[in-house]
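Me: I would like to learn how to read strand pairing, cores and chain contacts from a model. Please take one feature at a time.

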Amino acid sequence: MKYIDEFRDPALARRLLDDIAARSTRPANLMEFCGGHTHAAFKFGIRQLLPPTVKLLSGPGCPVCVTANADLDRAIAIARLPGVITTTFGDMLKVPGSRSSLQRARADGADVRIVYSTLDAVQIARQNPERRVVFLGVGFETTAPTVAAAVLQAEALGLSNFYVLSMHKLTPPATQAILRAGEVRLSGIIGPGHVTTIIGSDAWQFLPRDHGIPVAVAGFETLDIIRGVRSLVEQVESGRPGVVNTYSRSVRPEGNRTAIDVMYRVLEVSDAEWRGFGLVPDSGLSLRQEFARFDAARAFPVAPGPVREHKGCPCGEVLRGVVAPPECPLFRRACTPQNPIGPCMVSAEGACAAYFRYGEEV
Amino acid sequence: MPKTGKILMAHGSGGQLSHDLVEQVFLKHFHNPTLANLDDAAVLPYFANDSRFALTTDSYVIHPLFFPGGDIGKLAVCGTVNDLSMRGARPLYLTAGFILEEGLPLEDLERIVTSMAATARAAGIQVVAGDTKVVERGNADGLFINTAGVGLVPDGVNISGADAQAGDVVIVSGTIGDHGMTIMSQREGLSFNTPLVSDCAPLNGLVAALLEASSAVHCLRDPTRGGLATVLNELARRSRVGIEIKETHIPVRSAVQGLCELLGLDPLYVANEGKLVVVVAEKDAKEVLAAMRTHEYGTDAAVIGRIVLAHPGRVVLRTALGTCRIVDMLVGEQLPRIC
């Protein structure tokens, strides 16, 4: 595909990398918020080509990983209710909660179905009027508008058997939480390309303004990531932090107004619990009162039992960038993709999965 | 038998309907004297000399039953023919066991059997024994097919996954990931408008051509489930050698690449049904590549890497940027990303 080749040109990549090496004189700890960036940087072999001054840290940008055990437990408990069809993106299936997983619930007889789009979940509700269909709303600002659109479609169709368990999260508050905690010294942030397509690059202005930290919003191809890193190195060296959009073919300063409007028509900002962060104020999305009848949290009062965390699993620290996956004592020993202990090893966007798959020294 | 009918439990009862099904569907399409005897077992000529038999079995459970470029019947014949071919055997005979779901349209069954027969003819093999069972609705996804295949391994041909040697060249017979991405784009909910077609094909002809070109072919593998990456890992482990491949040399169709990018999948791990990997001594690599490229199922064949002494058991990929990374076995299933 021409479109892909243009953004993977090795000669151009080499020139940009040489430029980074020439410019970089001081340490630059750069956090890629998004798990997609972590995986792409490994897959394309970019990390090995950065100068020793530039370090890439993985952030919390894996929707499945940041879902708290309390939310997972509730989703699993709802899935086990008779007459319920649970629809979910595939990544959620294997994530262990306190005592079980959706995969195990399915083996025990729960009707859990993988869908590729929220609208497929609405379709399943239409085809099964005698069943109650729950969609597990996991994801950031990228997926939330599609979930809102599904609720609007269900309303338009007059469906009374479609529900959403909203566990959606907002990315700027989590970034703020990392900086406020002050556990990691960050010199810059690679802004999540897909999320910023929705929320707009202006949404990151608070980082240079309030924290003095530069942002480079980047896409997911080889040259996109290298350009993002180069922009951050430039900003670190010049001491003039700002928000630079290196993904202008997708991202605008104001974002996608249509998507944002749909999202906030159905959902409203609420506090949310994140794995690794605890309760972060105004960092989640819940269904508005007028859409309460689609809210699985209200329609299915379940008591999943006390929340338990796996002892010794530092996924929370990994998500905050405090612990790198190879520093975890369980990594590659007790915790592997076959037998994941924490969600960061399960998800295709998880940092531990990326380090496991690509990070071994050749 | 009415063409518009459906499979009933009685089709598996052994009574009149069972006989009708055998006569009017299976015998009609798989016609050959051995099967036509309708005896309890096929009796076949004995091949003396020093030839060895190759025997394999496989089961086919796929959804959807029909896809661009093939169907479950074609897949069953190709899969079995290819398994035999990967040991250097010349496939001769096939058996076919059908597990039919009550309610399966007879028209669909006949379409599948017709396709199996056509593929068998193209591959030059005969279906000489078969069986049919019917299970209640809900207990099978339309139909399942189980096959066994028998082939003969000519004298002097010794091919196994344990024979790769340092210095050997690794060739793939064409673009990877076509079958897996075709199936994925057809599945419910993924309504992509792609020009993709499954590569499903019998590879015995291609294998015969490349074995003719060289007596130093050390390994043959068809990268089905788990894709190219998994097969290379199997070869590296079984032969206790390292494998080095170059990202830019691996042929991938742009539509496959695009769809993989969109879903967050890696074509290295996507299934193929009409491709093979050859490990051949360097001295014969050119001849083998040339022979493959003149065959209809090998026109896009390419050298993708080498067998090395370093890192035994591991596959290392050199990226377009010139860096190296390990390509591991596929763990679990590749699932599309959320974000």
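Me: Which residue stands opposite A:Ile189?
Reply: Strands are DSSP E runs of at least two residues and helices are H or I runs of at least four, numbered from the N terminus; two strands pair if DSSP finds at least two bridges between them. Here A:Ile189 stands opposite A:Val215 in S8(A). Strand S7 (residues 188-192) of chain A and S8(A) pair in the parallel sense, over four bridges. This is a predicted model, in which local features need pLDDT of at least 70, side-chain atom pairs count only at pLDDT 80 or more, and totals for chains, interfaces and linings use all residues. Residues are numbered from 1 along each chain as its sequence is written, while chains are lettered from A and ligands numbered from 1 in the order in which they are written.

Me: What pairs with S8(A) over three bridges?
Reply: Strand S9 (residues 243-245) of chain A does, in the parallel sense, with A:Val217 opposite A:Asn245. Between S8(A) and S9(A) the chain passes through helix H12 (residues 222-238) of chain A, a left-handed β-α-β crossover. A crossover is right-handed if, with the strands pointing away from the viewer, the path from the first strand over the helix to the second runs clockwise.

Me: Are the faces of strand S8 of chain A covered or open?
Reply: A residue is buried if 20 or more other C-beta atoms, placed from the backbone, lie within 10 Å of its own, exposed if 12 or fewer, and partly exposed in between. In S8(A) (residues 215-218) both faces are covered: A:Val215 and A:Val217 are buried on one side, A:Ala216 and A:Ala218 on the other.

Me: How many residues of helix H5 of chain B are buried?
Reply: Seven of the nine in H5(B) (residues 178-186) are buried, among them B:His179 and B:Met181.

Me: How many residues has the largest nonpolar core?
Reply: A nonpolar core is a set of buried Ala, Val, Leu, Ile, Met, Phe, Trp, Tyr and Cys residues joined through C-beta atoms within 7 Å. The largest has 94 residues, and B:Ile171, B:Leu232, B:Val278 and B:Val288 have the most contacts inside it. Its largest share, eight residues, comes from helix H4 (residues 106-123) of chain B. A second, separate core of 73 residues includes A:Ala75 and A:Met92.

Me: How many residues does each chain give to the contact?
Reply: Two residues are in contact if their C-beta atoms, placed from the backbone, lie within 7 Å. Chain A gives 36 residues and chain B gives 24.
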